Amino acid sequence: MQKFFILLKSTFFRWWFMVTLLYSSSATCPCCGRQGCPVGLGFSAILGFIFVSLAKLLVKIARARKLLFGRILCFFGVLSLACLLSSCVTPPVPRQAAQPCALNLPPSLPPATRSDILHTVAPGENLWRISKMYDVPSERIISANNLVSKEPVLKKGQKLLIPGASPVAPVISLYASSKWKYIIIHHSATDEGNSLAFDKAHQRRGWSGLGYHFVIDNGTKGKKDGQIEVSPRWLKQKDGSHCRAAGMNSRAIGICLVGNFNNERPSAKQMESLVFLVNKLKKYYKIPSRRILGHGQVDGASTDCPGKRFPWREFYSRIE
Ligand SMILES: [Zn+2]
């Protein structure tokens, strides 16, 4: 026990503790890209130990050789090495390409289920996303549409022929972030709609485009029933513009289901997609069920959104 306290008081331990603390507060875990996870802390502690041991060794050599300003030189040497190494693990790596996930669909479907379709480019969609959604290589889409560039800039509303498209699958990118604490569910209170239509409507209100992070379609306006559309706000990890009450715009993921649920219930496919999406986000961002709310359940919000007929009991029973 006494030895332990002597160790705690030692200069080596103090330096080790300081370097580990500094390192873990500035760098992120090389495995998961998050800050403060146990693996990242362990990694920082090991690196801290290596740095301080190295510094100690260098000071010893400098002392033995009586180098002028040896200690100062060593200190800065080790510090720059620490900075150099820490740049390998920062900043957090966005998981866009690593985390696309499909809704109960195999990655590649047999040719019989494929067909040529005309796709209207929605807000935030690029060729990579559309290629994943329909499981068709970008090169095929480029040649089918005579696109000049290999990385064409697509315009919202642009029509694209997708040759041999599979049934549309959601491509949900997940990003390491501590911003998202709540999930808020809305209905569009319209019979029809899609992300492009709401984007235009929200722009007319003076907002910077579509206010939600996700839209779940109901089979109108050229979209499939239950199709999940990802908004540019999600792709850029920007605040929503869907629920001003309780400061939710900056900490809640906004999901809108197309339909008016004061008159009807969401379709079975919309519910299936909603449950899939919420479970995915809930698990990744560690959001407890009590923080998954309807717009009208937020303190200070005076709205009946997402409608009187939204099936809350069924929804919560399917949330994992
Ligand atoms: Zn709402």
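1. In strand 6, I255 is the bridge partner of F214. Strand 4 and strand 6 run parallel and are joined by three bridges; two strands are taken to pair if DSSP finds at least two bridges between them. Helices (H or I, at least four residues) and strands (E, at least two) are DSSP runs, numbered from the N terminus.

2. The model is predicted: local features need pLDDT of at least 70, side-chain atom pairs count only at pLDDT 80 or more, and totals for chains, interfaces and linings use all residues. Residues are numbered from 1 along each chain as its sequence is written.

3. Strand 3 is also parallel to strand 6, and six bridges join them. Here G254 of strand 6 is the bridge partner of I184.

4. Six of the six residues of strand 6 are buried, so the strand is largely enclosed by the rest of the structure. A residue counts as buried if 20 or more other C-beta atoms lie within 10 Å of its own, as exposed if 12 or fewer do, and as partly exposed in between, with C-beta atoms placed from the backbone. A252, G254 and C256 point one way from the strand, whereas I253, I255 and L257 point the other way. In a regular strand the side chains alternate between the two faces of the sheet.

5. Helix 9 (residues 268-285) has 18 residues, which at 1.5 Å a residue should span 26 Å; its end C-alpha atoms are 26 Å apart, in agreement. The expected span is 1.5 Å times one less than the number of residues. The buried residues of helix 9 are Q270, S273, L274, L277, V278 and L281. They cover an arc of only 125° around the axis, which puts them on the same side of the helix; the arc is that of the directions from the helix axis to the C-beta atoms. On the other side of helix 9, A268 and K283 are exposed.

6. The cover over the buried residues of helix 9 includes strand 3 (182-187), strand 4 (214-218), strand 5 (225-230), strand 6 (252-257) and strand 7 (292-294). Contact here requires C-beta atoms, placed from the backbone, to lie within 7 Å. K286, with a positive phi near 50°, follows helix 9.

7. In helix 5 (residues 127-134), L127, I130, M133 and Y134 are the buried residues. Seen down the axis, they fall within an arc of 125°, so they line one face of helix 5. Their cover includes strand 1 (115-120), helix 6 (138-144) and strand 2 (159-165).

How values were computed:
Contact = placed C-beta atoms within 7 Å.
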